Amino acid sequence: MAARVVMVGPPGAGKGTQARMLQTQRGIHQLSTGDMLRAAQQNGSPLGREARRFMDEGKLVPDDLVIRMVEERLGSPEYAGGFVLDGFPRTVAQAKALDAMLARRGERLDAVISFSVPRAELIRRLAGRRVCRGCSAMYHVHFDPPATPDVCDRCGGQLYQREDDHEETIGRRLDVYEHETQPVLEYYRVAKLLRETQGTGTADEVFARVAASVPAS
Ligand code: AMP
C-alpha cells in the first residue's frame, strides 16, 4: 500500500530529518516546501523572488503560491506511490486544499505525524543549525558538527546558516507556528489522522516512534 504521510511541527522539530529517514528506509519520497522555495530563490524564478520577502522575515508564504507549487509537484510520477510532506500544510486553508487535491485523484492521507519539542530546545537547535548547499544535509555546530568545519561529510558541499535561522527571526517563526500552524493539528485530530510524537531524543529514537505510526508499504 502506498503511504501518504504529512509531518507537522514547529521549525527545528526534526521534520526534515525524519522525512529523509523515511525516504531512505521506506522509499517514500519526501516533498519539502521549504526546500522547494529555497531552490526557487536560488534559480531566481518569479516564485522565488516573491517568496523571499516572506521567508527572510520568518513569515509564511501566501497560501495560493504554496498550494499551486505543491499541486504541480505532487502530480509528478515519483509521488504516485506515496509521499511524505515536510512543511506542508502549514495553515488550515492549505490542509483543506491538500484534501481536495487528493480527493480529485481518489487518494487520501494515511497519517499525520506531529512533533512536540520544548521551545528552548527548538531555539538551541535552530540557532546552531547548518545546512549543506549541495545536498541539504543538516548539521549542528555543537550537537552534530561535520568532521571539517563548514564542509559536508556526505558530499563535500559548503555548509551555510539559513537566513531565517538567525536568532532575531527564530522567535517570529515559532510565534507564526503557534498562531497559524497549530490549528492544523486540531483539523487532523478531528479527522482521526493525527499521531502525536515526542520530538526529543536522538534522530534514531524519534524515527522509531515515527516508523511505528506509518503504515507498512
Ligand atoms: P522550512 O524549511 O520548512 O522551515 O520553511 C522555511 C520557510 O519557507 C518558512 O518559514 C516559510 O516562510 C516558507 N514556507 C515553507 N513551507 C511553507 C508553507 N507550507 N506555507 C507557507 N510558507 C512556507
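Tutor: Let's go through some labels one at a time and check each against its definition.

Tutor: This is a predicted model, where local features need pLDDT of at least 70, side-chain atom pairs count only at pLDDT 80 or more, and totals for chains, interfaces and linings use all residues. Residues are numbered from 1 along each chain as its sequence is written, and side-chain values use heavy atoms, with hydrogens and water left out.

Student: Okay, why is Thr91 called buried?

Tutor: Buried means under 20% relative accessible area, exposed over 50%, and partly exposed in between, with a 1.4 Å probe and protein chains only. Thr91 has a relative accessible area of 9%, so it is buried.

Student: And where does Thr91 lie?

Tutor: In the loop between strand 3 (82-86) and helix 5 (92-104). Helices (H or I, at least four residues) and strands (E, at least two) are DSSP runs, numbered from the N terminus.

Student: What makes the pair of Thr91 and Asp63 side chains a polar contact?

Tutor: A polar contact is a pair of N or O atoms within 3.5 Å; within protein, one must be able to donate a hydrogen and the other to accept it, and residues adjacent in sequence count only if both atoms are side-chain atoms. The side chains of Thr91 and Asp63 make theirs at 3.0 Å. A polar atom of the Thr91 side chain also lies 3.0 Å from the backbone nitrogen of Gln94.

Student: Which residues is Thr91 in contact with, leaving aside neighbours within four places in sequence?

Tutor: Leu60, Asp63, Glu180 and Val184. Contact means heavy atoms within 4.5 Å.

Student: Why is Asp164 called buried?

Tutor: Its relative accessible area is 9%, so Asp164 gets the label. Asp164 sits in the loop between strand 7 (159-160) and helix 7 (167-190), and its side chain has a polar contact of 3.0 Å with that of Arg162.

Student: What does the side chain of Arg162 have to do with the ligand?

Tutor: One of its N or O atoms is 3.1 Å from an oxygen atom of the ligand. For Arg90, a side-chain N or O atom is 3.0 Å from a nitrogen atom of the ligand.

Student: How many residues surround the ligand?

Tutor: There are 16, and the closest are Thr33, Arg38, Lys59, Gly87 and Gln94. A residue is near a molecule if one of its heavy atoms lies within 4 Å of it. Helix 2 (residues 33-43) gives the largest share of this shell, four residues.

Student: Why is Ala208 called exposed?

Tutor: Ala208 has a relative accessible area of 51%, so it counts as exposed. You'll find Ala208 in helix 8 (residues 203-213).

Student: How do you know that the pair of Tyr187 and Tyr188 is edge-to-face?

Tutor: Rings of Phe, Tyr and Trp (its six-membered ring) pair if their centres lie within 6.5 Å; planes under 30 degrees apart count as stacked, over 60 as edge-to-face and the rest as tilted. The structure holds one aromatic pair. Tyr187 and Tyr188 are 5.3 Å centre to centre with 75° between the planes, an edge-to-face pair.

Student: Which labels do Tyr187 and Tyr188 get for accessibility?

Tutor: Tyr187 is at 23% relative accessibility, so it counts as partly exposed. Tyr188 has a relative accessible area of 1%, so it is buried.
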